[in-house]
Amino acid sequence: MQQWLAFSARLGASLGMARLHDMLLYPGDIDAFRRAGVECLRELESQLTEARFAGRIFLTGDAPTIADIACFPNVALAPDGGVTLGDYPSIRLWSRAIRAVPGFIEMPGIHRLHELKPAPEAVPPLEPLL
């Protein structure tokens, strides 16, 4: 359990910082934030895939724990920081499982259609204002 809480801090320092940079113009090395975020997502995908092979969907067992709650927000909001979740099927299934937990309340920014948002590189450039 403790390892996942520490991992959630890494998610905040990578995906969370990329989101702050892109949405609020927070200063920092966006490429480094995104690289670290992708590394975290690859680790998470690997662990969740192993869990799926063992018949589990959540990080530490058959039911969600504080580990899932700690990791979920920065992962779910990764596209806001320019990191797509399209390459991570186990993460997407885990995200859906968390959203399906009875009593789950959607917070601002995390809605069921969030995953359908186009990847940042697919968004056409804005027309200049006259």
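Arg10, Glu39 and Glu43 are joined in a network of salt bridges in this predicted model.

The whole structure holds four salt bridges. Another of them connects helices α2 and α1 through Arg34 and Asp22. Their closest N and O atoms are 2.6 Å apart. The two residues are 12 residues apart in sequence, so the pair ties together separate parts of the chain. Arg34 is partly exposed at 26%, and Asp22 is partly exposed at 30%.

Arg19 and Asp80 also form a salt bridge, at 3.1 Å from N to O. Arg19 belongs to helix α1, whereas Asp80 lies in the loop between α3 (66-76) and α4 (89-99); the pair therefore ties together parts that are 61 residues apart in sequence. Arg19 is partly exposed, at 26% relative accessibility. Asp80 is buried, at 12%.

No disulfides were found in a search of the whole structure. Cys40 is in no disulfide, and the nearest cysteine sulfur, that of Cys71, is 9.1 Å away. A disulfide requires the sulfur atoms to lie within 2.5 Å. Cys71 likewise is in no disulfide, its nearest cysteine sulfur being that of Cys40. Cys40 is buried at 2% relative accessibility. Cys71 is buried at 0%.

How values were computed
Residues numbered from 1 in each chain as written. Predicted model: local features only at pLDDT ≥ 70, side-chain atom pairs only at ≥ 80, totals over all residues. Heavy atoms only, no water. Buried < 20%, exposed > 50% of the residue type's maximum accessible area, 1.4 Å probe, protein only. Salt bridge = Lys/Arg side-chain N within 4 Å of Asp/Glu carboxyl O. Helix = DSSP H or I, 4+ residues; strand = E, 2+ residues; numbered from the N terminus.
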